[in-house]
Amino acid sequence: MTTTIPPETIAAFHGIATASVADAVEQKGVRGYLTGSIKAVLPGKLVGPAVTVQEVPSHVSEPPTHALRAIDESAPGSVICIAAGGADVAVWGGLMAAGAVTNRIAGAVLDAGVRDVEEIRRDYPELPIYARGAVPATTVGRYRTVSLNEPVEVGGVSVRPGDLIVADSDGVVCVPLELAAEVLALATDIEEREREQTRLIRESGSLRGGLEKYQRI
């Protein structure tokens with residue numbers, strides 16, 4: 001998949017807090033933040049275009065074909081987003097992490113669990129994984145992949161291929177591709193205003209005074 005997000009835009013988002021990005025997306029009338037249940041199991045700042053995979057319940061024992069294709073075929077810097085409806089199984093593990101690092105995938109966002117956490121932390125500490133938690137159960141015989149690069153729902157938010165994923169310790173935000181430049185400008189302004197607000201609060205000794213001037217909490 002070829003990203004249409006300029007590299008300089010992705011680099012700029014690396015310097016912006018996810019909370020500011022979430023606020024900026026909401027100013028455009030869209031919900032971008034994923035449920036807080038999806039959090040950094042293997043931490044690290046994560047920014048990149050989404051590659052989407054859908055998994056559904058199934059008793060058929062087969063490998064996660066579309067997820068494997070996503071890891072092998074996606075452009076470097078992509079974020080693999082696997083939708084599985086909050087499944088209490090691991091849709092990602094150590095072998096997938098090895099493939100992702102080899103192919104320079106930026107990281108993964110999983111609406112399900114991840115396993116082999118100790119192995120990934122030891123061998124691939126640079127690979128951020130955001131998931132609902134760690135769970136040792138395999139998907140094989142429980143879930144199967146049914147699509148690659150189709151719109152999916154992850155953590156209560158619609159994620160389309162190419163949308164920008166931004167994640168840090170606060171959680172995960174999906175920025176619609178067509179809003180990326182505007183959201184970056186808004187989020188940058190939010191961060192600048194918060195720095196000014198923080199200085200005023202510290203200098204004046206008044207939290208309320210800072211809130212009244214900038215109308216932001």
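I started with aspartate 168, which is buried at a relative accessible area of 15% (buried is under 20% relative accessible area, exposed over 50%, partly exposed in between, using a 1.4 Å probe and protein chains only). This is a predicted model, so I kept to pLDDT of at least 70 for local features and 80 or more for side-chain atom pairs, while totals for chains, interfaces and linings use all residues. Numbering runs from 1 along each chain as its sequence is written, and side-chain values use heavy atoms, with hydrogens and water left out.

What does aspartate 168 form a salt bridge with? The partner is lysine 45, with the closest N and O atoms 3.7 Å apart (a salt bridge needs a side-chain nitrogen of Lys or Arg within 4 Å of a carboxyl oxygen of Asp or Glu). Lysine 45 sits in the loop between strand S1 (39-42) and strand S2 (46-57) and aspartate 168 in strand S11, so this pair ties together parts 123 residues apart in sequence. For elements I use DSSP runs numbered from the N terminus: helices are H or I with at least four residues, strands are E with at least two. Lysine 45 is partly exposed, with a relative accessible area of 27%.

Side chains of opposite charge can pair when their charged atoms come close.

Next I checked aspartate 111 and arginine 132, whose side chains meet at 2.4 Å, N to O. This pair also links distant parts of the chain: aspartate 111 is in the loop between S4 and strand S5 (113-114), arginine 132 in the loop between S6 and strand S7 (133-134), 21 residues apart. Buried or partly exposed? Aspartate 111 is buried at 4% relative accessibility, and arginine 132 is partly exposed at 32%.

Then I looked at arginine 160, which forms a salt bridge with aspartate 163 at 2.9 Å between the closest N and O atoms. Arginine 160 comes out partly exposed, with a relative accessible area of 32%, whereas aspartate 163 is buried at 2%. Glu178 joins Arg160 and Asp163 in a network of salt bridges.

I went to S4 (residues 107-110) and found both faces covered. Gly107 and Val109 are buried on one side, Ala108 and Leu110 on the other. In a regular strand the side chains alternate between the two faces of the sheet.

Which strands run parallel to S4? Strand S3 (residues 79-83) does, with four bridges, and so does strand S6 (residues 129-131), with two bridges; pairing takes at least two DSSP bridges between two strands. Cysteine 81 stands opposite valine 109 in S4, and alanine 108 has isoleucine 129 in S6 as its bridge partner.

I also noted that S3, helix H4 (residues 94-102) and S4 make a right-handed β-α-β unit. Right-handed here means that, with the strands pointing away from the viewer, the path from the first strand over the helix to the second runs clockwise.

**The cores**

Isoleucine 129 turns up again in the largest nonpolar core, which has 30 residues. I count as a nonpolar core a set of buried Ala, Val, Leu, Ile, Met, Phe, Trp, Tyr and Cys residues joined through side-chain atoms within 4.5 Å. Ile80, Ile82, Trp92, Leu110, Val114 and Ile129 have the most contacts inside this core. A second, separate core of 19 residues includes Ile16, Ala22, Val47 and Val173.

Leaving aside neighbours within four places in sequence, I find isoleucine 129 in contact (heavy atoms within 4.5 Å) with residues including Lys39, Val41, Trp92, Ala108 and Leu110.

**Helix H2**

Ala22, from that second core, is one of the buried residues of helix H2 (residues 18-27), along with Thr18, Ser20, Val21, Ala24 and Val25. I see these buried residues packing against helix H1 (7-14), strand S11 (164-168), strand S12 (171-175) and helix H6 (180-204). Just after H2, glycine 29 takes a positive phi of about 80 degrees.

**Cysteines**

I searched the whole structure for disulfides (two cysteine sulfur atoms within 2.5 Å) and got zero. Cysteine 81 is buried at 1% relative accessibility and cysteine 174 at 2%.

**Ser147**

Last, I looked up serine 147 in strand S8 (residues 143-148). Serine 147 is buried at 14% relative accessibility and touches Thr52, Val53, Gln54 and His66, not counting residues up to four places away in sequence.
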